[in-house]
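Good morning, and thank you for the time.

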Amino acid sequence: AAALVSAGIAGGDAPASGIPPRLQFEYARLLVCMPVRADMQEGVRLLGELVELGYARPEALEYLALTHFKLGEYALAKRRG
């Protein structure tokens, strides 16, 4: 997963990098399912960007809430859910 980020496939922010939001969403969904905490946190960051853009908002918020719960960030999970 980290190799894709360093290769520029996930990109920092979707609009500047030219990454289609749907690709960023799918990549973020994969990251939040990983067992490595850093990957889950990167998925949260990417999903947060998509929520700010308004892309797939209900789905992105659902994944954000579940991932915050998985990470033990219960207050954030409740706020997102």
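Let me begin with a single side chain: tyrosine 63 has a relative accessibility of 23%, so tyrosine 63 counts as partly exposed. Please keep in mind throughout that this is a predicted model.

What is the relative accessible area of phenylalanine 25? The value is 0%, and phenylalanine 25 is therefore buried.

By the rule used for ring pairs, the count of aromatic pairs comes to three. In the pair of phenylalanine 25 and tyrosine 63, the ring centres are 6.2 Å apart and the planes stand at 80°. Edge-to-face requires an angle over 60 degrees, so this pair is edge-to-face. Where do the two residues sit along the chain? Phenylalanine 25 belongs to helix α3 and tyrosine 63 to helix α5, so the pair ties together parts that are 38 residues apart in sequence. Together with Tyr55, these two residues form one aromatic cluster.

A further aromatic pair joins phenylalanine 69 and tyrosine 74, with 5.3 Å from centre to centre and 65° between the planes. This pair, too, is edge-to-face. Are its members buried or exposed? Phenylalanine 69 and tyrosine 74 are both exposed.

I now turn to helix α3 itself. Helix α3 runs over residues 21–32, which is 12 residues. From its first C-alpha to its last, α3 reaches 16 Å, close to the 16 Å expected at 1.5 Å a residue. Its buried residues are Gln24, Phe25, Tyr27, Ala28, Leu31 and Val32. Why do they lie on the same side of α3? They cover an arc of only 170° around the axis, and this places them on the same side of the helix.

One loop residue also deserves a remark. Alanine 56 is found in the loop between α4 (37–53) and α5 (57–70). Although alanine 56 is not a glycine, its phi is positive, at about 45°.

Finally, how confident is the prediction? The protein chain averages a pLDDT of 83, and 78% of the residues score at least 70. Among the elements of the chain, α3 has the highest mean pLDDT, 96, whereas helix α1 (residues 2–6) has the lowest, 46. Over residues 2–14 the pLDDT is below 50. Beyond near neighbours in sequence, that stretch has 22 contacts in the model.

Thank you for your attention.

Technical notes:
Residues numbered from 1 in each chain as written. Heavy atoms only, no water. Helix = DSSP H or I, 4+ residues; strand = E, 2+ residues; numbered from the N terminus. Expected span 1.5 Å × (residues − 1). Buried < 20%, exposed > 50% of the residue type's maximum accessible area, 1.4 Å probe, protein only. Arc of directions from axis to C-beta. pLDDT = per-residue confidence, 0-100. Contact = heavy atoms within 4.5 Å. Phe/Tyr/Trp six-rings, centres within 6.5 Å; stacked < 30°, edge-to-face > 60°.
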